[in-house]
Amino acid sequence: MLPGGLMSGGGGRGGGLCLLRWLGLRLWSRRGTLVFALLWFGSWLFLNGLVLVHRSILSDYCTDDKSKRILHRLCLEFGEGSVTGDMCDDLCVLGLVEYKRCLYYENGKKVIEARWRGNPIILKSKLENFSSYEPLGILDYQDTAEELSPLDVVFYATLEVRNSLGLAEEEEEEEGGGGNNSSLARLWGEKLKNRDKSYSRAELASLWSLLQQEEYTFLRVLQDLNTHVAKVLGSCGHFYAVEYLSAGHAWDQNIFSLEEVAVSGLQGQSRWTAREMVHRIALSFLDMVWHFDHDFTHKLHLCDIKPENFAIRKDLTVVAIDVDMAFFEPKMRDILDQNCSSDDDCNFFDCSSRCNLNTRRCSPRRRNSNLQVICEKIFRPWFSPTLLGAKAGLPLQVELQRAVQECSETDEGVEDREDDEGRGSRDVHQRLLNVLTRLLQEGGASSEGGGAWEAKGHTHTALNF
């Protein structure tokens, strides 16, 4: 019995082991099937993701070949007499415009770096193709373009400029506002009138394509009134050239690459230090804010304030190089005047207002200001104790940090407190100006700035576009 029992027990254990092995194989098989299915599904998602990326991103990838084809097509249109401009000959015939690289390409917007007669420039167009712009409708009803007088051109161009800037005729002619120009559109229109002959179809078509680009209109109109916007140097068809400037970067502790700016002290003195240059740039920011608030009939609001949208010239003048999100007061009010349930619904990028819970409408008056956002997003990182190190405890540096803190917390206010809040904003502006000026004087440097960059050998005039 004992041997039989032993044998019986051993057989039971052997059978149990076989059963366990069989169950293990089945479980491993099911687990392997599951792993295989997961791997297959993951691979499918990965491949479809690559296709999606290729369609949405790589198709708009900024390539040199595509950029050169776009410029070649533009030159073909110039050769056919469809477009013109003051840089077309240099670009398409004389070879004086040297292509460098593509900087940006998305949804048709093209930004190219080039050199024109030895000077670095940026070529821009909102849309890739000239044919993508709306044609000037009046040309369809004219046998020849010569029938359009310069005054006719002024009329149509002024309407388009007003539309781009968000200014109605009656709004431009309002009294007050502190502006020294009663009509931006009319001011530019005066330049178009200074011509003793009619415009060709190519000139009118090219002008019309440029006026449909809000950024071109802003820069072209404001460059004669303010040094803090990029200069338009020329154009060909729907492409326009602006001065090449050293743009800011959020990752740079000084925001701007100061090494790229060849700046020397005045009257042969030693070169400015990095902190001196930062103080001068900060003063230029303050100057820009003041002019944008007071130079025009309406305030100019900047709703996308970040380092990449500003640049500096060699004299450290701050320049707004991306004004796609810049609006005069009338258009700003239209944008902010929306339905709301809380203040969060009244934010338009860097421009915000308050929600009236009784009417469920956002106030059309902007709550914050250009200065407040610049203090918050640019001055605070610049003048933080972390960057200043041991100098952070110096009396003037402490005063500057407090002024920046106060500036970043000072709202423009609502309608019933407009005068008081406006005075508060002016006070903090003056306080920052005084502290920065004293810091420069303490460093033994003059606070005087330089002049604007000038293109040598070429002047971009009225309907040179």
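I shall speak about the sheets, then a helix pair, and finally the aromatic rings.

This is a predicted model, in which local features need pLDDT of at least 70 and side-chain atom pairs count only at pLDDT 80 or more, while totals for chains, interfaces and linings use all residues. Residues are numbered from 1 along each chain as its sequence is written, and side-chain values use heavy atoms, with hydrogens and water left out.

Let me start with the sheets. Helices (H or I, at least four residues) and strands (E, at least two) are DSSP runs, numbered from the N terminus, and two strands pair if DSSP finds at least two bridges between them. An open sheet is built from 5 strands in the order β1-β2-β3-β5-β4, with antiparallel pairing. Its edges are β1 (97-106) and β4 (232-236); each has a single partner strand, so one side of each is left without a neighbour in the sheet. On average, neighbouring strands of this sheet are turned by 25 degrees against each other, direction ignored. Strand β5 (residues 239-243) runs antiparallel to β4 and is joined to β4 by 4 bridges. In β5, V242 stands opposite V232.

Another open sheet has 3 strands, ordered β6-β8-β9 and paired antiparallel. Here β6 (246-247) and β9 (318-320) are the edge strands, each pairing on one side only. Between β8 (residues 310-312) and β9 there are 3 bridges, in the antiparallel sense. F310 has A320 in β9 as its bridge partner.

I turn to the helix pair. Helix α4 (residues 150-165) packs against helix α8 (residues 214-222) at an angle of about 105 degrees, the axes being 9 Å apart. Axes are lines fitted to C-alpha atoms, for helices over the stretch in contact, and angles run from 0 to 180 degrees between N-to-C directions. The two helices are therefore roughly perpendicular (65 to 115 degrees). In contact (heavy atoms within 4.5 Å) are V161, S164 and L165 of α4 with E214, T217, F218 and V221 of α8.

Finally, the aromatic rings. The structure contains 11 aromatic pairs, where rings of Phe, Tyr and Trp (its six-membered ring) pair if their centres lie within 6.5 Å. F310 returns here: ring pairs link F310 with F285, F379, W382 and F383 into a cluster. A charge sits over a ring if NZ of Lys or CZ of Arg is within 6 Å of the ring centre and within 35 degrees of the ring normal. K110 lies over the face of Y105, 4.2 Å from the ring centre, and the charged end of R280 is over the ring of W272, at 3.8 Å from its centre.

Methods
Parallel < 35°, antiparallel > 145°, perpendicular 65-115°, else oblique. Phe/Tyr/Trp six-rings, centres within 6.5 Å; stacked < 30°, edge-to-face > 60°.
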